[in-house]
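Subject: Structure handover

Hello,

Here is the structure you will be working with. Please open it next to this message, and the findings follow below.

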Amino acid sequence: MRDVFDAVVVGSGPNGLTAAATLAVAGRRVLVLEAAETIGGGARTDEAFGTGIHRDVCSAVHPTGFVSPAFADLDLTGHGLRWCMPDVSIAHVADGDVIAVRREKHSLAEEFGVDATRWERLVAPSTQPAALADDILAMPAIPRRTLDMARFSPAALAPVDVLAKAFRTDRAAAAFAAIAAHAIRPLSTLGSSAAGLLLGMLTETGWPVAEGGSQAIVDALAAVVVGHGGRIETGVEVTERAQLPADADLFFDTSPAVVQRVIGDALPRRYARALRRFDYGPGVCKVDFLLSEPIPWAHRPDVMAATATFHLADDLAHIRTTEADVAAGRVPRRPWVLGGEPTRVDPTRAPAGTHLAWAYCHVPAGCDVDMSAAVIAAIERRAPGFSDIVDGTIVTTAADFAVHNSNDIAGDINCGAASLRQLLVRPILSPTPQFTGLPGVYLCSSATAPGGGVHGMSGRRAAVHALHVGR
Ligand SMILES: Cc1cc2nc3c(=O)[nH]c(=O)nc-3n(C[C@H](O)[C@H](O)[C@H](O)COP(=O)(O)OP(=O)(O)OC[C@H]3O[C@@H](n4cnc5c(N)ncnc54)[C@H](O)[C@@H]3O)c2cc1C
């Protein structure tokens, strides 16, 4: 006879496992069903380059994970997670110019010159960035740091093109725009600054990697689930209601499409309409590199050795053109590129003498174009000789990401566009937009507020709601 469960979580990404862990800790009998053969969704690490070489398949750097109240409450560091924290959160690399965005604010004058004060006022205004991040990740709930939020919110709604005018130099404007462009939005659109302000502020708390790979985050979550009596089954794709027990609460760490397919007509009309209207964003093409040496950066190699994240962009116009092309469905000819060298800060990922790097660029939704030539050219221009140290590459196009994880619709890495509407209404306007309105049924993936990133907040909010209402 099949065991009895109080809750079934469909999908084992960071949000699904956070929901499962939160419920299990509260004493609920939890089952997690995952379609893939391994757990973790967008936080998986594999050994595709060889045994003992840990490659992050998707997410790599964790500014939001590090400050996540969901992860803190579940004591992930007590369950084996260790953060590797670089001194430099982001190295912004133009031609012949590197800006080190460090954790310490006192470096701002040296790095930003005449724009140091403007950077501090706009990007690092809070004296307690982690506490403000809590409020932002809990949106649209009522914030605790009301003054900070009152300053943050109007700026977050502005287009990057407007906020960039606050800077006197193009280099500072471009450094801000690159952080904001993690949201993959045209710089002229309302709301395109939001990610830049959140992620920029978190350059102070740090942009760490998880020791051993991002998988360590989901493994720690799974340890909490199993440690509290939960069960996780992999290789089980949920496609119909009959696969799920009739009387358990259901948590979908999936795309809205799966909820529509499985729950279908039972969804209340308001939520069903919201899911039909839900928009997906563009995609990325990622290139992973196995290297015989660290990347030989031409400028400020000391800075490049002290970071896990680099942004490669000529200037503000370069980022603007790339994002405008992508939004218009054009494959950018010479995109700006973001990437990292995790082995710089986490030597446990590969044997001595072996190094890892990854880099990706934004592409239109569903794009199956291999962008590795453009990505390699962007690195080679700033690190002559790079191609000679490459021992292996793995290219994952946007179309490939969609196959790898059904949440990445057409390669959208955040399972939903970060448009102005979906910053506010994701997928409905509610303090708990995860609750579908059908008793006991939740959508808890990054298709719900606060959106993309490995922080588990959507899963936590769904679980907290379910525990609060009881059944
Ligand atoms: C290339 C790339 C780079 C990224 N970089 C970063 C980064 O550096 N930092 C960061 O914070 N975030 C990053 N992200 C985003 C981050 O990975 C996601 O926002 C996050 O993983 C979302 O978590 P989730 O739990 O909502 O969904 P996911 O992680 O997508 O997990 C969903 C899980 O549900 C499973 N599933 C779906 N449908 C079904 C079904 N019907 N039955 C059973 N199982 C199902 C899937 O197989 C998957 O395992 C990146 C993503 C990608 C793809």
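Proline 450 sits in the loop that links E16 to helix H19 (457-469). The peptide bond between alanine 449 and proline 450 is cis, with omega at about 10°. Please keep in mind that this is a predicted model.

There is another cis bond to look at. It runs from arginine 426 to proline 427, and its omega is near -5°. Proline 427 belongs to the loop between helix H18 (420-424) and E16. One more backbone point concerns arginine 300. This residue is not a glycine, yet its phi is positive, about 45°. Look for arginine 300 in the loop between E11 and helix H14 (301-304). As background, most residues other than glycine have a negative phi, and most peptide bonds are trans.

Now the sheets. E16 belongs to an open sheet of five strands. The order is E9-E2-E1-E10-E16, and the pairing is parallel. Which strands stand at the edges? They are strand E9 (231-234) and strand E16 (441-443). Each has a single partner strand, so one side of each has no neighbour in the sheet. On average, neighbouring strands here are turned by 15° against each other, direction ignored.

Within this sheet, strand E1 (residues 7-10) pairs with strand E10 (residues 249-252). The sense is parallel, and there are four bridges. Valine 8 is placed opposite leucine 250 of E10. Helix H12 (residues 256-263) packs on the sheet and touches E10 and E16. The direction of H12 makes about 145° with that of E10.

The other sheet to know is also open, with seven strands and mixed pairing. Its order reads E7-E6-E12-E13-E14-E11-E15. At the edges are strand E7 (97-102) and strand E15 (390-396), and each pairs on one side only.

E11 and E14 run antiparallel and are joined by nine bridges. Phenylalanine 289 stands opposite alanine 357 in E14. Helix H16 (residues 372-382) packs on this sheet. Among the strands that H16 touches are strand E6 (88-94), strand E12 (310-312) and strand E13 (337-340). H16 also touches E11, E14 and E15. Its direction makes about 55° with that of E11.

How many cavities of 30 Å³ or more does the structure hold? It holds three. The largest cavity has a volume of about 70 Å³. Phenylalanine 289 and alanine 357, the facing pair above, are both in its lining. Others in the lining include Phe49, His54, Arg55, Asp56, Lys286 and Trp358. Strand E4 (55-56), strand E11 (283-291) and strand E14 (355-363) are the elements that give two or more residues to this lining. By class, the lining of the largest cavity has six nonpolar residues, one polar and five charged.

Last, a helix pair. Helix H6 (residues 129-137) and helix H7 (residues 146-157) have axes that come within 10 Å. The axes cross at roughly 65°, and the crossing is right-handed. From H6, the residues Leu132, Asp135 and Ile136 make the contact. They meet Asp148, Met149 and Phe152 of H7. What classes do the residues of this contact fall into? Four are nonpolar, none is polar and two are charged.

Best wishes

Notes: Residues numbered from 1 in each chain as written. Predicted model: local features only at pLDDT ≥ 70, side-chain atom pairs only at ≥ 80, totals over all residues. Heavy atoms only, no water. Pairing = 2+ DSSP bridges. Axes fitted to C-alpha atoms, helices over the stretch in contact; angles between N-to-C directions. Contact = heavy atoms within 4.5 Å. Left-handed = near helix turned anticlockwise from the far one by under 90°. Nonpolar A, V, L, I, M, F, W, Y, C, P; charged D, E, K, R; others polar. 1 Å grid on protein atoms, 1.4 Å probe; cavity = no way out; pocket = protein on both sides within 12 Å on 5 of 7 lines; lining within 4 Å. Points joined across faces, edges and corners; volume = space filled by probe spheres on them.
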